[in-house]
Structure formats: structure tokens, C-alpha cells
Amino acid sequence: MEIVFHKESKIFHLFNQSISYIIAVLPDGHIGQLYFGGRIHDRADFSYLLELAPRDMASYPFTGDRTFSRGHVKQEYAVYGSGDYRYPAVSVLQENGSRLSDFCYESYEIISGKPELRGLPATYSESDSDAETLVLKLYDTLTGVRVFLSYTIFSQFGALARSVRLVNEGSVSVYIERAMSVCLDLPDHDYDWIQFSGAWARERTAYTRKLEFGIQAVNSTRGHSSHEHNPFIILKRPVTDEFHGEAIGFSLVYSGNFLAQAEVESHGTTRFLMGIEPFNFQWKLEPGEEFQTPECVVVYTSEGLNKMSQSFHRLYQTHLIRGYWRDRPRPILINNWEATYFDFTEEKLLRIAGKAKECGIELFVLDDGWFGSRCSSRSGLGDWYANRERLPDGIKGLAEKMENLGMRFGLWFEPEMVNEDSELYRAHPDWILHTPGRSCCHGRYQYVLDFARPEVVDYIYDRMYQLLKDSHISYIKWDMNRSITECYSIEFPPDRQGEIFHRYILGVYNLYERLISAFPHILFESCASGGARFDAGLLYYAPQGWASDNTDAVCRLGIQYGTSYCYPISSIGNHVSASPNHQLGRSTPLWTRANVAYFGTFGYELDLEKISEEEKEIIRKQVAFMKKHRSLLQFGLFYRLKSPFEGNVTAWMTVSDDGREALVGWYRVLNEANGPFTRLRLAGLNAEQYYEICDVMPSDSYFGPSGQYGDELMNMGLITSDSSCGQFSDGRRQSCDFDSRIFYLKACPERMKDSTC
Ligand code: GLA
């Protein structure tokens, strides 16, 4: 990993073993983009990449020189005007009403490691040798606004982290109207754009379209990153698949409103922008003040989408997720939500916990309904003290009872919200986000607290702190169940209302930071009506997130598959729930529900009092299986093999770092009659290694050899044929709809091919 500045040519080259990023100071003093892609040799001059040609119809800044126009060069942090007609990266409104800026290069700094982003989540370095940062300083003489462009390159990953800081060193206030985290001008548009979109209960479905002339974009205007579109985009070459070809992934480390946009201009180049959504955003920068954008992590690979995802997974696992739980296998939990909803007593909870303990489950999570007057979604939010009618000994007492059962104890909160019917709202009706004189929308009967105001965050912190200090709680599920629509804070003046969406999310980050500092051993799981805030920003605070309120195993294939493009498997919260499923009404086999949920942080969300002894025995085995393999499942190298978005069969696998163990998940939605013989080609194994195929779940579902060499498994494939093949059942286990299998592969160097497992 190195960052080189070639003084003569005024060119910066950032490179490591897999990527190169080249930036030039342009003839007009602005910063230009020359190259981003696979690693190339360093040389003193790449200015041949800055191609100029006479273009009379363009606007050119140098009188008499028709060859240079900002509209035709590739830029690093573009402004509108001065001949560039594309959407800009930055726009600053000035006292005289102008939005023109002229950010010219001043100087640079190369820093070992990676500085923190104050108040914001960001990737971090652990030593001076695992990352290096280039900071380019630009200055607009007329306004006195200084821009700092930051680029961090990591030694081990084909990744760059980019962010921007603006400082007003002038004498009058200015207003930032847009400040993107990344602006990347690519030389062509031969890309497919992949976005991860959906809605509540069907988050992060992958949608692919070809980049076309004009603008294509996704965004959130809802105050959270949203169910609708995830702040993660892939640009890939049309031929790129999971194992081959070029792809660039863009992940915004942010949980609020965002914009991701590609503009293909008339000469076929592509400008990619990603950052805070400019709609409803305006930030007043008084003299001496500064504004820090969120960070965008950009990964490049020439080895297909799996490689891109693995880079994100590894980078986020080791340089974004922090603290005690970062590298630790996560507890197997039982959550009472789908078991009881609001209808529970302490005895009921303890009975479920007792049964869970018998199955080997480690953590009991008490979901919504334990506080204030909360017996339905209509009341109680904001009153973070135990409902003594339900929990006579409070949270402290219940936590102790759980501990006596041998279970750890976790608790649900929704700290950012308040019901109208609550003590908190009655005491502070003005603490909600609302626009004076306008009606204020409810969502799920709740209002959004004004987290832009420090005193509101302080109050919630104190309430939570007291509870957590007094009781033995080892896990928190932090929920956020509605979008923000009337975003106005009565505490801020009119010309600062454009700041509230961002200030809100800074308040959320602030509360998280204080809580994890005070209670570093508590495991946080983020949630927002399922997966509305499954983003890289929250991974900095909560190492895992509830992927979706949809717990149906078949839907989960798509949700988890889509989530895996960016987010580590250890961060994806999955539960086995009841059948028929509560969201879909679909009945799926218990083994399939677990076989899907294993690939993530694993738990149960059903009433263990309502299951048969036989099912309980199966659950006991599932829990034992998860305990045996959870490090491999949560921290192995993950490969997507077959997409649920493309066919009836989904498959994925995870391989240990040393290549000696692997777990393969195979899932078929609908059964077939008289179908073909099938094989599944695996990936990431050691070709020379002989692997035993054992621990198959369900145990009677495999009819292939007891072991194969890595090269056989990767080239010929693992046998997945079952009784759906051919005409009669020959005594094999009957295959069915929603069927699935897990295969454990274990290196067995001493054994020869064809031996039995
Ligand atoms: C949201 C969450 C659920 C559950 C409920 C409780 O919908 O996503 O998992 O916690 O809230 O109200």
C-alpha cells in the first residue's frame, strides 16, 4: 500500500496489491480523476490520461484555449457552472445568492493510518501500517471555504474510504446545499447498475439495469436509510458474474437520507455520486464552522461479485465493527415477539426461557411491551421503566430470574420514539419533530422525538443508563419503527431547518456512542421495522442487525442473499419462527427454517410451549449444530453460488480461512417430479484437499459419496439429486417443497477417496 505524489506532473497515485487510484491537479487548479481500477505500475507521469481537444461548443475557462473545458474532464469533486453541466458533488449558496465556487488545489497531506470522523461512524485503522490517508486541501478564494478531500487506502483490501470536510474560513455565513461523500467520474458507461430495493418485509432484493444516458438514482427521504433502497450500489460490467469480471461497490457509512446517482452524459462517461440526499438538506456554515460528510467505502475488483462482497465483509468485520463483540461468535437467542406479541406475563416469559434453556439456547430477549403502559402499539413508548403489573420485580428482578435459569437476558428499546399516550409526551409535548401550525403524522401511533436537540438525547440516555446500570442486561435490540415526514425542530431557527434530518441522525449516533462506551459488553442489534436501517453506519455501533420482519424461510433466501452483497454474515440477524409463518401464512419444514437462519446470527422467535417433543428434539439438535459451527458460519469466507432472484434453487457456502472446513447451504423452493440429476459446483476449496462430507442436515437427505477432493467438488460438483429425480421413490427420503440441505465439509488428509465418513 502506498500513496505517491509526483511533484512534476502533480499526480497522486494511491495503490495496493489490487487497486490503483490516480488523481491529477488539472490545468485550472481543480482536481481531476484519471483512473480507478486494477493495480497498475506507478510512473512519474500519467498526464497522457488527461486528453484535451478543441471543442468550440463547450465553455472553456481559459480565454483562447478551446481545448480545456470542465464539462469534458473527469473530476474529483465537481461544482456546477464554469462549463460543467452535470450534477455537482458540492454546492454552496453564498450571501449574494450565487452558487458558483472555485475550489482550487492548495496542498496535500499523507497520514499514516486513518483519522476518525468526528461524530460519525467510519472505518478505522488499527495500526499505521494497515491504512494510509491522503488529504487534499482545496480553497475557494472568494468565499474563504476550504475543502478537505480524504482518501484512505487499506493495505489488505481493494477498498478506498472517501469523505469530505468543508470549513468556512471566510467572514460571512454560507449554506451547503449538497456535499456528496464521493464523486467518481468513470470514462465510459458500459456498466450494469445493481440496487438493493424493496419494502417492509421484502428488503434488499437485487435489481439490475443497464446504465443509460441520463440520470439514474435511488435515495431515501425518510430519515432512515430505508426498506425501500439500501445505501449500497454496484456498478459491474455486463459480463461480470459472481466469479469473474469487474465490479465497483459503493457503500455509504450512513443511516439517514441518502442519494446514489449515476449520470451518463452525452459523451458516454459516467459520474457516480453518493452522499447525503440534497433534497431537504441545507447546512449553515458560519465563519469558523465546519461540516463533515459521511464516509463512502468504494471497493473495486476484477474477480467478480463474490470477491467484491468478501472485501466488504472482511473490511467491515475488522475495520468498521468494533468492540467486545467484533470477533466473538454471537449468542443463540430466543425472542418473544412472534411467540407472544404484547400478550405476556412474567410467568409466561420464564416458561419460554426455561424451555429455551433445555434446548441449549443462550439468551432470552424480551421484545416490545415491557415498559410504561405499553400493552399495544398505542401507548407507552418513551416511558422506559418496567410495567410492574407485568413484571412485578422489574427488569432487574426478571434479569435475575433469567440468570437463575442459566439464560442471559436482553431487552428491546425504541429510544427515538414516543406515543401520544405516554408520560413522556404528556410532560414534553414539544419534544417531537413537528412543524408549528401543521398537523403531524402518526406512524404506528407514534411520533418521532427530536433527536436534533441534545437535551432530548440526554434524557433518553439517562433513562436507559439507569436501567442498564441497575440490571444485568447483555443485549439490546434497538428498534426504530417509523419514517420521519414532518422534519422540523422548534429549537432551531428558520435558516437551520435544513439541518434537522442530519442532526437527528447525529443524535442517534451520539446516543449509541455514549451507551456503548458506558456498557462495552452489551451486544447491540439494530432494527427498524425489520431492515429499514440495515446500513454500514449502524454496524459501527451495533455489530448485528435484524434483517427483516419477514421470517418466512423462502423470503429470507432473497433477503439474506441480497444483504450478503455488502454486509458481513456475522451481522445478519436471522430467526427460526413458527409454521405457518406469521407474515406469509406459508408452512415450511423446521429444518429449512434453521438451514436458512444458520447463515447469520441465529435465534428462535416462536412459542416453545406450543411445539411438540419431537420438534423440541430437532431444535436441540439445531442449536448444537449451530454451536459447533457458528464461528465458521459467522466468520468464514462467504460465497454466493445460486441466486434466489434467478431460479428455484438457492445455494451459498462459507469456507474457513485455512480452507479445511466449509458449510454449504442448498435450498429448493418447489419440488419437482421426474426432475434431472443435479450437482452444485462449489467454490473456495483447496483443490488438492480431500473433504469428508458429513453432518448433513437433515441427516437422511444426502445420496452422494462420503467424500470428494476439492477439485471434484469445484469442477464436477456436490451431488444434490434426491427423490425428485427419476420416476419412483426407491426408498430414499421423500423430497418436498421448501426443501433444503446443509453439508459440512471437513478436510481429511489422511483418508483416501471413496473411504466412508
Ligand atoms: C418492529 C420489529 C419487530 C418487533 C416489533 C415490536 O416491527 O422489527 O421485530 O420488535 O417492532 O413492536
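What follows is a short exchange about a predicted model.

Biologist: What makes His 6 count as buried?

Modeller: Its relative accessible area is 12%. Buried means under 20%, so His 6 is buried.

Biologist: Where does His 6 sit, and what does His 6 touch?

Modeller: His 6 lies in strand E1, residues 2-6. Leaving out residues up to four places away in sequence, His 6 touches Ile 11, Asp 42, Arg 43 and Ala 44. Contact here means heavy atoms within 4.5 Å.

Biologist: How do you know that strands E27 and E28 pair?

Modeller: Pairing needs at least two bridges. Strand E27 (residues 523-526) and strand E28 (residues 544-546) are joined by 2 bridges, so they pair. They run parallel.

Biologist: Which residue in E28 is the bridge partner of Glu 525?

Modeller: Gln 544.

Biologist: Why is there talk of a barrel?

Modeller: Because 8 strands close into one, in the order E21-E22-E23-E26-E27-E28-E29-E30, where a pair takes at least two bridges. The pairing is parallel. From one strand to the next, the twist averages 30°.

Biologist: What lies across strands E22 and E23?

Modeller: Helix H4, residues 394-405, lies across E22 (363-366) and E23 (408-413). Helix H4 runs at about 145° to E23.

Biologist: What is the confidence of the protein chain?

Modeller: The chain averages a pLDDT of 96. On the 0 to 100 scale, 99% of the residues score at least 70.

Biologist: Where is confidence lowest, and where highest?

Modeller: Lowest in strand E35, residues 690-697, at a mean of 95. Highest in strand E15, residues 247-253, at 99.

Definitions and conventions: Residues are numbered from 1 along each chain as its sequence is written. This is a predicted model: local features need pLDDT of at least 70, side-chain atom pairs count only at pLDDT 80 or more; totals for chains, interfaces and linings use all residues. Side-chain values use heavy atoms; hydrogens and water are left out. Helices (H or I, at least four residues) and strands (E, at least two) are DSSP runs, numbered from the N terminus. Buried means under 20% relative accessible area, exposed over 50%, partly exposed in between (1.4 Å probe, protein chains only). pLDDT is the predictor's confidence in each residue, from 0 to 100. Axes are lines fitted to C-alpha atoms, for helices over the stretch in contact, and angles run from 0 to 180 degrees between N-to-C directions.
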